[in-house]
Amino acid sequence: MNYILAIDQGTTSTRAILFDAGMQVAGTAQQEFTQHYPQAGWVEHDPEEIWDTTVAVCRKVMADLDATAADIAGIGITNQRETTVVWDKTSGKAVHNAIVWQDRRTAAICEELRKAGHQEMVTDRTGLLLDPYFSGTKVKWILDTVPGARDRAAAGELLFGTVDSFLIWRLTGGASHVTDATNAARTLMYDIRKGRWSRTISDLLEVPQQMLPEVKDSAADFGTTDPEILGGEIPILGVAGDQQAATIGQACFQPGMMKSTYGTGCFALLNTGDEPVVSKNRMLTTIAYQLDGKPTYALEGSIFIAGAAVQWLRDGLGIIGQASESGELALRADPGQDVILVPAFTGLGAPYWEPECRGGMFGLTRNSGPAEFARAALQSVAYQTRDLYEAMRADWEDDSHHTVTLRVDGGMSASDWTMQSLSDLLGAAVDRPVMQETTALGAAWLAGMRAGIYPDQTGFADTWKLDRQFVPLMQPAAREAAYARWQRAVQAVIGV
């Protein structure tokens, strides 16, 4: 068996990657699928299209490499988190489109729960905030809205799962209704301290516990594929939500190691070890991974706009033709100008959680132009990361002042200018790895380690290779003055 098959089911596309025995990418297939926006603030996917693209890309990458099921030692799955599917346990058909993590339709439900005084209990058990982002209120909405759904759920006819659960159920021909601890931890219904579903919260949301999947380690036996699907039986051996899979792929296995993924938005996770750290700065407490029945916890912060700021330069302002031009343009900015962009196009994420505020640009002069706009857009990513970095360090007060190691991945990490700016404004080293497929690699390693063809944690961590380390070149006084300007700008957009 020469390969591990990683399924990377993302928000806009599905990918299948075959990793060889040396954990190198041997082949890739990718297919986009439709985004549905039935109302303002609503985002849906067709579960059948997710399933169809998953099967198609798996078959294609296998065909491209002339690989059969017998050549694949195991499957690892990583997925868009929080996206919610409810389906009929007999037919396998979803009763409603998948409600995507970005969807805001349950804001009123969350507000009612907050007003009723449930926030503290929910946060204590789940590490999360009462926010439409998470799965629990999405399930409640489906059961409340789809005719007959609540009665069918009570009768044991419906199942709930995040996308990993839905895919595993389909891949195994309905034999396995399971998930892993990292995905369960994003549902708003899983007690991350006790390692089980919270009946108190599921009852509060009126979600029958019989709908919920069995929760397993991130590396476990999740079932075996129906041979009709991929031409033979293949064991599913690894599962992790996408941001946790990237944390694993970056080998952030020690407390104090932090990864930051720069895509459309930015997600940062800080490994905090064996005990969940309660945030005082509106970070999320979550499970980074769970192996051998033992969870490792993390603090997580999310930025809504990272690469999307560069897309705005390209598509909104038309000042660059492609994203890769932004760093070169920023280099030409007038160093005497201090233009600051707060890209709150869809509100601000952590640590502010201000969904209603909107963006602003500050420090403009008559000579401000495309170069200054490009620099401000790229620096906004660094400033927002600094916000997360400071909040996480403040939360992690019992760390005896260990040094935080930051590893980066995602599309924007390829920009040397942006990563240098990040290092300068953090006042910390930033490590970029050779392997950029960190999310898929994390899922592949979980499955390959479970299959016995990839090394253990220590051995895997030893394979991590540095492409480039960026170290701060900015003087401390200049760094703090720049960050103070950023903080004033943020307060200005919040106050509008």
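**The second largest pocket and the annotated site**

Reply: In this predicted model, the residues that line the second largest pocket divide into seven nonpolar, four polar and six charged. There are 17 lining residues, and those nearest the pocket centre are Tyr289, Leu291, Asp292, Lys294 and Gln457. Two or more residues each come from β15 (266–273), β16 (284–291), β17 (294–303) and α15 (438–451). Of these elements, α15 gives the largest share of the lining, with three residues. The space in the second largest pocket is about 300 Å³.

Now the record. An unreviewed UniProt entry places the feature "binding site" at Thr11, Arg81, Glu82, Tyr133 and Asp242.

Tyr133 sits in the loop that runs between α3 (119–126) and α4 (135–145). Its relative accessibility is 6%, so Tyr133 counts as buried, the cut-off being under 20%. Beyond residues up to four places away in sequence, Tyr133 touches Arg81 and Glu82, along with Trp101, Arg104, Lys138, Arg186, Phe267, Leu284, Glu300 and Trp353.

Asp242 belongs to helix α10 (residues 242–249). Asp242 also counts as buried, because its relative accessibility is 16%. Apart from neighbours within four places in sequence, Asp242 is in contact with Thr78, Asn79, Gln80, Arg81 and Thr439. With Arg81 there is also a polar contact of 3.4 Å between the side chains.

Methods. Residues are numbered from 1 along each chain as its sequence is written. This is a predicted model: local features need pLDDT of at least 70, side-chain atom pairs count only at pLDDT 80 or more; totals for chains, interfaces and linings use all residues. Side-chain values use heavy atoms; hydrogens and water are left out. On a 1 Å grid over the protein atoms alone, a cavity is a set of points where a 1.4 Å probe fits but cannot get out, and a pocket is an open set with protein on both sides within 12 Å along at least five of seven lines; lining residues have an atom within 4 Å of a point. Grid points are joined across faces, edges and corners, and a volume is the space filled by probe spheres set on the points. Helices (H or I, at least four residues) and strands (E, at least two) are DSSP runs, numbered from the N terminus. Ala, Val, Leu, Ile, Met, Phe, Trp, Tyr, Cys and Pro count as nonpolar, Asp, Glu, Lys and Arg as charged, and the others, Gly among them, as polar. UniProt positions are given in the numbering used here, feature names are shortened, and annotations may be inferred rather than shown by experiment. Buried means under 20% relative accessible area, exposed over 50%, partly exposed in between (1.4 Å probe, protein chains only). Contact means heavy atoms within 4.5 Å. A polar contact is a pair of N or O atoms within 3.5 Å; within protein, one must be able to donate a hydrogen and the other to accept it, and residues adjacent in sequence count only if both atoms are side-chain atoms.
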